[in-house]
Amino acid sequence: MRFLASYQSSRLGKKMIDSHHHLWRYSAEQYGWIDDSMNVLKRDFTTDDLVGVMTAAGIDGTLAVQARQSIEETESLLAAAATCSLIRGVVGWVPLADACVGDVLDRFKQTATLCGVRHVVQDEPDEGFLSRHDFNRGVAMLESRSLVYDILIYTRQLPESIRFVDRHPNQIFVLDHIAKPTIRSPQIDETWKAQISELAKRPNVFCKFSGVITEVRDAAWTIETIRPYWDHALNVFGSQRLMYGSDWPVCLLRGEYPTWIATAGELADSLTPAERAAFWNDTAVRAYGIG
């Protein structure tokens with residue numbers, strides 16, 4: 001907790017954005033991915049909860065990200081942002097593969113808070129989903145509307161994701177959760193290491209250092225469990241394309257919010273002041289175009 005205490009006592013005008021969190025009114029029907037091993041998530045997580053957690057951690061702004069694939073949830077997140085000044089932007093879901101997606105995007109873009117869209121590709125049974133013509137047609141409509149596309153995948157889907165990104169060289173992409181490597185001490189996931197290095201060669205791809213602790217397969221984790229993944233992500237993306245995120249409240253499965261932000265803070269301690277500013281704030285602002 002050393003970082004959190006020192007940062008809050010001497011913030012020196014710095015800004016902090018959490019680029020990845022969720023909100024929901026829990027129901028077993030709507031959130032079927034929350035199974036019996038995730039009882040801590042089986043409750044509502046509201047803007048009141050968000051403000052309490054983020055304010056205590058010194059966070060100035062957040063990005064709310066979709067957790068289920070429905071227009072109704074996107075509308076709900078945009079409504080939450082309209083009443084909660086902490087939420088600077090929304091990464092919602094739209095039916096990218098549908099012929100009508102352009103109309104949906106235009107309707108949502110009337111609300112300036114929508115800054116990106118995401119599809120839960122990690123759960124698609126079709127391993128070639130990212131190559132589908134109808135899906136790519138929808139993604140091709142995002143650039144002209146200044147919308148980011150968040151890539152949510154497992155490591156095994158990185159090769160297909162690289163080909164997907166190459167189809168849209170001018171589209172801004174943000175890779176969620178560093179592509180969910182399989183984290184076990186003491187070795188690093190070598191497949192992840194090689195493939196994320198290749199993806200990072202594309203300058204239009206940013207990366208969230210988020211959701212990392214939930215990918216740890218060990219019974220317990222420490223900062224040293226996480227450090228090899230931080231070092232490599234920082235090496236290939238640089239601070240100008242790497243941003244802080246928590247994946248709250250999903251991160252609660254492996255640790256409380258103060259534990260995660262303190263871990264990220266200690267890892268970032270070795271950065272220069274400009275690099276720290278980029279990681280904690282500036283990269284998210286630039287990638288998503290949020291004020």
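1. Charge count. Lys and Arg count as positive here, Asp and Glu as negative; His and the chain ends are left out. On that basis the chain carries 30 positive and 37 negative side chains. The centres of the two sets lie 4 Å apart. Note that this is a predicted model.

2. Overall fold. The chain holds 10 helices and 8 strands. Its radius of gyration is 18 Å, close to the 19 Å that the globule rule gives for 291 residues, so the chain is as compact as a globular protein of that length. The C-alpha trace spans about 50 × 40 × 40 Å along its principal axes.

3. Of the 291 residues in the chain, 57% are buried. Among contacts with a separation of 6 or more, 79% join residues 24 or more positions apart. The chain exposes about 11,900 Å². Carbon and sulfur atoms supply 51% of that area.

4. Helix α8, geometry. This helix runs over residues 223–237, which is 15 residues. At 1.5 Å a residue it should span 21 Å. Its end C-alpha atoms are 20 Å apart, which agrees with that expectation. Just after α8, G238 takes a positive phi of about 75 degrees.

5. Which residues of α8 are buried? They are I223, T225, I226, Y229, W230, H232, A233, L234, V236 and F237. The cover over these buried residues includes three helices: α7 (190–199), α9 (257–268) and α10 (273–288). It also includes the strands β7 (205–209) and β8 (242–244).

6. F279 in α10. F279 lies in helix α10. Its relative accessibility is 1%; the cut-off for buried is under 20%, so F279 counts as buried. Leaving aside neighbours within four places in sequence, F279 is in contact with F209, W230, S239, L242, M243, Y244, A264, A268 and L271. The C-alpha atoms of F279 and K208 are separated by 9.4 Å, although the two residues are 71 residues apart along the chain.

7. Cis peptide bonds. Two bonds deserve a look in the viewer. The bond from S185 to P186 is cis, with omega near 5 degrees. P186 sits in the loop between β6 (173–175) and α7. The bond from W248 to P249 is also cis, with omega near 0 degrees. P249 sits in the loop between β8 and α9. Both β8 and α9 are among the elements that cover buried residues of α8.

8. H177 has phi near 55 degrees, a positive value in a residue other than glycine. H177 is found in the loop between β6 and α7. Is H177 buried or exposed? H177 is buried, with a relative accessible area of 3%. K180 has a positive phi of about 50 degrees, and K180 is not a glycine either. K180 is placed in the loop between β6 and α7. With a relative accessible area of 14%, K180 is buried; the cut-off is under 20%.

9. Where to look. For the loop between β6 and α7, check H177, K180 and P186.

Definitions and conventions: Residues numbered from 1 in each chain as written. Predicted model: local features only at pLDDT ≥ 70, side-chain atom pairs only at ≥ 80, totals over all residues. Heavy atoms only, no water. Helix = DSSP H or I, 4+ residues; strand = E, 2+ residues; numbered from the N terminus. Expected span 1.5 Å × (residues − 1). Buried < 20%, exposed > 50% of the residue type's maximum accessible area, 1.4 Å probe, protein only. Contact = heavy atoms within 4.5 Å. Rg over C-alpha atoms; globule rule 2.2 N^0.38 Å. Areas by Shrake-Rupley, 256 points an atom, 1.4 Å probe, with all protein chains shown as cover. Charge placed at Lys NZ, Arg CZ, Asp CG, Glu CD.
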